[in-house]
Amino acid sequence: MNIYTIIILAALLLEYILGVVSTFLNLKTLNVPLPREFSDIYDNELYKKSQKYTQVRAKFGLIEDTFSIFILLVFWFLGGFNWFDQTVRSFALEPIIDGIVYIGVLLICPSILSLPFSIYSTFVIEERFGFNRTTPKIFIADRFKELMLAILLGVPLLAGTLVIFTYGGEFAWLYCWILVTLFILFIQYIAPTWLMPLFNKFTPLEDGELKQTILSYARDVNFPLEGIFVMDGSKRSTKANAFFTGFGKHKRIAFFDTLVGKYTVQEMLAILAHEIGHYKKKHIQKGMFLSILHSGFMLYLLSIFINNRLLFDAFFMNDLSVYGSLIFFGLLYSPIEYILGIFLKQISRNHEYSADSFAARTTGHPENLVEALKKLSKDNLSHLTPHRMYVFLNYSHPPILERIRSLRKIENQS
């Protein structure tokens, strides 16, 4: 084993072990009694159901993660990377085509292997707890659309990256960073109006008390409201949510249709105010900036490891290649990616607190958001008392109980 083998193997195993430990610690918190804050919305039976849901999903996640790392390590140490590289080279294609085929297949195969887990998760676990509304037809159509989008959008980006790093010289990483940045901006631009409607139907919110209340609030906070939509989330799940996406004229706020009718007008307004808070606090732009900055840092490091003989030896490779460098550097970079992911999740949690605060202060009624969060936790069977380590490693949103406590402080200050 050379130094790169040790680093990558240690990183993979450490990440896996941290996941296992944090999951078991999280499962131990299921013994906590129902927090008093939720006593008005949960009964004992529902609370036990939410605990059971957390337990089943956690154990299933451990099985899936164990399978994934097992397959990767077996493929790696049996020389699978080199075997497939020699197979692709035997077709005598152009180097760029070789790279697209090599990377494409290595990315698609894990998706195929994970398909049984996705089917079981959707049609067994989610069905068992009353969430699933996905039909086999919708499930198959979703997978097909995802594959087509990966081909139509991912292949040109991959081809451009391979061309740049093959012929771009010393500043290839910089040229590639420009390409990736343009791609990120392009996806953000087209996602709300072109990509998301491929999977869901977005209907403008109909006239009525809710719409008038929202329009009045938007004027009060000087929010340029181009449109509010209701998304047919119920075609796949009974879970409820809302989100903000896009920028410029293509930004949109969308409510899942599972929210409409079940929540009061003021609760819906509080949820929307939270999403507007993300916009007013520039969370979308900050996230995009960090993503672009991260891609530049990663591409610069990649340029240092292009065709590194020791890195290729770690994967038992006979021949050097740019496309092999992309795959192997990705695995070498995994510990940095993991640490950055934890850092970004912390930023995301801070953004959620900030958006909550904005909603509470601008609507003047923190309790409406509190009640909405309680209902969301009930509708989604959220784990109410997750372990701190599990939250630190995995949560992009703060636990709902922590968000409510923060809102209570704002309420007491007003």
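Author: Tryptophan 76 and phenylalanine 315 are both buried (under 20% relative accessible area; exposed is over 50%, partly exposed is in between; 1.4 Å probe, protein chains only). The model is predicted, with local features needing pLDDT of at least 70 and side-chain atom pairs pLDDT 80 or more, while totals for chains, interfaces and linings use all residues. Residues are numbered from 1 along each chain as its sequence is written, and side-chain values use heavy atoms, without hydrogens or water.

Start with the rings. A search of the whole structure finds 29 aromatic pairs. Rings of Phe, Tyr and Trp (its six-membered ring) pair if their centres lie within 6.5 Å; planes under 30 degrees apart are stacked, over 60 edge-to-face, and the rest tilted. Tryptophan 76 and phenylalanine 77 form a stacked pair, 4.5 Å centre to centre, with 20 degrees between the planes. Tryptophan 76 has a relative accessible area of 1%. Phenylalanine 77 has 33% and counts as partly exposed.

Tryptophan 76 also stacks with phenylalanine 315: 4.8 Å centre to centre, 25 degrees between the planes. This pair links distant parts of the chain, 239 residues apart. Tryptophan 76 is in helix H2, and phenylalanine 315 is in the loop between helix H11 (309-313) and helix H12 (322-332). Helices (H or I, at least four residues) and strands (E, at least two) are DSSP runs, numbered from the N terminus. One aromatic cluster takes in Phe75, Trp76, Phe77, Phe81, Phe312, Phe315, Phe316 and Phe328.

Charges meet rings elsewhere. The charged end of arginine 143 sits over the ring of phenylalanine 139, 4.5 Å from its centre. Lysine 375 lies over the face of tyrosine 263, 5.5 Å from the ring centre. The test asks for NZ of Lys or CZ of Arg within 6 Å of the ring centre and within 35 degrees of the ring normal.

Glycine 130 follows H5, with a positive phi near 80 degrees.

Alanine 92 is at about 55 degrees, in the loop between helix H3 (80-89) and H4. Alanine 92 is exposed, at 66% relative accessible area. Lysine 282 is at about 60 degrees, in the loop between H9 and helix H10 (283-305).

Now the cores. The largest nonpolar core has 51 residues. Such a core is a set of buried Ala, Val, Leu, Ile, Met, Phe, Trp, Tyr and Cys residues joined through side-chain atoms within 4.5 Å. Phe38, Ile214, Tyr217, Phe255, Leu259, Leu272 and Ile276 touch the most other members. Helix H9 (residues 265-280) gives the most to this core, with eight residues. Another core, of 44 residues, lies apart from it, and includes Phe165, Ala172, Ile306 and Phe329.

Finally, methionine 231, in strand E2 (residues 228-231). Methionine 231 is buried, at 7% relative accessible area. Setting aside neighbours within four places in sequence, methionine 231 is in contact with residues including Phe202, Phe243, Phe255 and Phe256. Contact means heavy atoms within 4.5 Å.
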